[in-house]
Amino acid sequence: MSSLSKGVRKAEVSLRWDPSPMGEAPHDLDLVAGMYEGSGESGDPAYVVHFDSRSPDGTIILNRHSDTGQGFGDDEVLTLEFDRMAPVYGRVVVGVVIQQRDGRRVFGDIAHVGLTVEEDHRELAAEDFSSVSGSTAAVVCEFRRSAGGAWSFEPVLRGHDADPEGFLRAMGR
C-alpha cells in the first residue's frame with residue numbers, strides 16, 4: 001500500500017533559481033505557505049509561514065532561505081508535517097513570490113526557476129514556471145484534509161500579479 005493511499009504525511013517543497021547576472025540587483029524569491037482552518041475556501045489564513053520562519057506549532061518550517069539564489073542545490077526548502085497538524089486545519093496553500101525591491105520582476109526575468117514537491121523522496125510535482133512567466137507570484141500547490149483526516153496533494157499553478165503582501169492576502173482565494 002502506498003503512502004498516498006494513507007494520505008500525505010510529510011512533504012517537502014524545494015525552490016531553486018540562478019543568481020542574477022553580475023552588476024544586477026539580486027533576485028529574491030520566497031516560498032510561502034498559508035494554513036487555513038476548516039476547508040479554508042474563503043477568508044484569511046490562520047497563519048502564514050514565510051521569510052525564514054515556521055508555524056507556531058512547528059508543523060511547517062522554512063528550512064532553507066536564500067536572498068540571492070547563490071549556492072548549490074535548492075535555494076529554499078519548506079517542510080510540511082501533516083500527520084502532526086491539529087484537526088482544526090483543513091487546507092494548506094503553498095506559493096512562490098518574487099521580492100520587488102529593485103523594480104518589477106516576473107518569473108520570465110529569472111533564469112532556471114524550478115520547484116519540486118516530494119513525499120518520502122518520491123516526486124509528486126515539478127514546475128518550471130514557464131506557463132506563468134509574466135507573473136510576480138504563483139500558487140504552486142494545495143494540500144487538503146479529507147473528512148476522514150487524510151491529507152491529499154493537488155498540484156496547482158496559478159499566477160498572480162501582486163507584491164509580496166498582496167499575494168499573501170490573495171493566495172488562498
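These are my notebook entries on what I looked up in this predicted model.

**Ground rules**

I number residues from 1 along each chain as its sequence is written, and I leave hydrogens and water out, using heavy atoms for side-chain values. As the model is predicted, local features need pLDDT of at least 70 and side-chain atom pairs count only at pLDDT 80 or more, while totals for chains, interfaces and linings use all residues.

**Entry 1: layout**

I started with the secondary structure. The protein chain has 1 helix and 10 strands. I took these as DSSP runs numbered from the N terminus: helices are H or I with at least four residues, strands are E with at least two. Along the sequence the pattern reads β-β-β-β-β-β-β-β-β-β-α.

Next I checked burial. I called a residue buried under 20% relative accessible area, exposed over 50%, and partly exposed in between (1.4 Å probe, protein chains only). Of the 173 residues of the protein chain, 48% count as buried.

Then I looked at contacts, meaning heavy atoms within 4.5 Å. Among contacts between residues at least 6 apart in sequence, 66% join residues at least 24 apart.

**Entry 2: partners of strand β1**

I looked up which strands pair with β1. Two strands pair if DSSP finds at least two bridges between them. Strand β1 (residues 10-16) runs antiparallel to strand β5 (residues 76-81), joined by 6 bridges. In β5, Glu81 is the bridge partner of Lys10. Strand β1 also runs antiparallel to strand β7 (residues 114-119), with 5 bridges. There I found Val13 opposite Val117 in β7.

**Entry 3: aromatic rings**

I searched the whole structure and got 5 aromatic pairs. Rings of Phe, Tyr and Trp (its six-membered ring) pair if their centres lie within 6.5 Å; planes under 30 degrees apart are stacked, over 60 edge-to-face, and the rest tilted.

Tyr47 and Tyr89 form an edge-to-face pair, 5.6 Å centre to centre with 80° between the planes. This pair links distant parts of the chain: Tyr47 sits in strand β3 (residues 47-49) and Tyr89 in strand β6 (residues 89-98), 42 residues apart. Both Tyr47 and Tyr89 are buried.

Phe143 and Phe153 form a tilted pair, at 5.3 Å and 50°. Phe143 is in strand β9 (residues 137-145) and Phe153 in strand β10 (residues 151-160), so the pair ties together parts 10 residues apart in sequence. Phe143 is buried at 0% relative accessible area. Phe153, at 19%, also counts as buried. One aromatic cluster takes in Phe82, Phe143, Trp151 and Phe153.

Which ring does Arg91 lie over? Arg91 lies over the face of Tyr36, 5.2 Å from the ring centre. My test for this was NZ of Lys or CZ of Arg within 6 Å of the ring centre and within 35 degrees of the ring normal.

I then counted salt bridges: a side-chain nitrogen of Lys or Arg within 4 Å of a carboxyl oxygen of Asp or Glu. The structure holds 8. Arg91 has one with Glu142, with the closest N and O atoms 3.2 Å apart. Arg91 is in strand β6 and Glu142 in strand β9, so this pair ties together parts 51 residues apart in sequence. Arg91 counts as buried at 2% relative accessibility. Glu142 is buried at 3%. I also traced a salt-bridge network that links Arg91, Glu142, Arg144, Glu154 and Arg158.

Asp161 pairs with Arg104, the closest N and O atoms being 2.7 Å apart. Asp161 lies in the loop between β10 and α1 (164-170) and Arg104 in the loop between β6 and β7, so parts 57 residues apart in sequence are tied together. Asp161 and Arg104 are both exposed.

Arg122 and Glu119 meet at 3.4 Å, N to O. Arg122 is partly exposed at 33%, whereas Glu119 is buried at 3%.

**Entry 4: nonpolar cores**

I defined a nonpolar core as buried Ala, Val, Leu, Ile, Met, Phe, Trp, Tyr and Cys residues joined through side-chain atoms within 4.5 Å. The largest has 37 residues, and Leu78, Val92, Val94, Phe129 and Phe143 touch the most other members. Strand β6 gives the largest share of this core, 5 residues. Apart from this core lies another, of 11 residues, including Tyr36, Val93, Val97 and Met171.

Last, I listed contacts of Val94, not counting residues up to four places away in sequence. Among them are Val13, Leu78, Phe143 and Met171.
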